[in-house]
Amino acid sequence: MHNIIKRISDICISLLAITILLPAFIIIAIAIRLTSKGPAIFKQERAGKDGKPFIFYKFRTMKLNVEPFGPSPKSAKDPRLTKIGRFLREYSLDELPQLFNVLKGDMSIAGPRPLYLSQMAEWSERQKKRLLVKPGLTGLAQISGRGELTHEEKLELDVKYVETKTLWLDLKMILTTIAMVFRRKSIYEKRYSKTEYTRGEGEL
């Protein structure tokens, strides 16, 4: 029943959000195309539920021909970011196209952020439990420190979500995320473990 209600909620929320935000989608896409060369949408393969790959969408925030699997920006001063890209990242607007991933069923509104297929080989059996649910637009890591957390801490929070998930927790995560976006809190990563790495356009 939990999964059925969650899927219905995902469809309703994503469809409503896409409808309301359609003008913003158009304005952002035009702004990206006018201020830098390249497509407005960045696409990349990510690991979905049970490790199944899917194509992940976001608005492009980096300049054209940047290494797609290079380190993710660690600060707003990263020279690879476009001017509009910095703004989009500060308010997490670059993540809006993932509403289409949610509508398609590849993602959910709430759940662990989608990571790379290549990273799965590095996870412990416990950490792989994050693959038991669909990846989400926002997760426990995003409301518990976001860029201030190490990679291992994020994975542990992802597992904690799988072990304790409820519809109430999903609602709490969504509302907290909205508040954090407006406060522009912990957008860029500030500290890393020796084994941590992020890639390409990065995660929320």
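Predicted model: local features only at pLDDT ≥ 70, side-chain atom pairs only at ≥ 80, totals over all residues.
Some ground rules. Local features need pLDDT of at least 70 and side-chain atom pairs count only at pLDDT 80 or more, while totals for chains, interfaces and linings use all residues. Residues are numbered from 1 along each chain as its sequence is written, and side-chain values use heavy atoms, leaving out hydrogens and water.

The fold, then. The chain has six helices and four strands, taken as DSSP runs numbered from the N terminus (helices H or I, at least four residues; strands E, at least two). Their order from the N terminus is α-β-β-α-α-β-β-α-α-α. Of the 204 residues, 50% are buried, meaning under 20% relative accessible area, with exposed over 50% and partly exposed in between (1.4 Å probe, protein chains only).

Next, the inside. A nonpolar core is a set of buried Ala, Val, Leu, Ile, Met, Phe, Trp, Tyr and Cys residues joined through side-chain atoms within 4.5 Å. The largest one has 17 residues, and Ile28, Ile32, Phe59, Leu88, Leu96 and Leu99 have the most contacts inside it. Two or more residues each come from helix 1, strand 2 (53-59), helix 2 (83-90) and helix 3 (98-104). Helix 1 gives the most, five residues. Leaving aside neighbours within four places in sequence, Ile28 is in contact (heavy atoms within 4.5 Å) with Phe59, Leu88, Leu93 and Leu96. A second, separate core has twelve residues, among them Ala110, Ile143, Leu169 and Met173.

Ile8 is in helix 1 and is partly exposed, at 49% relative accessible area.
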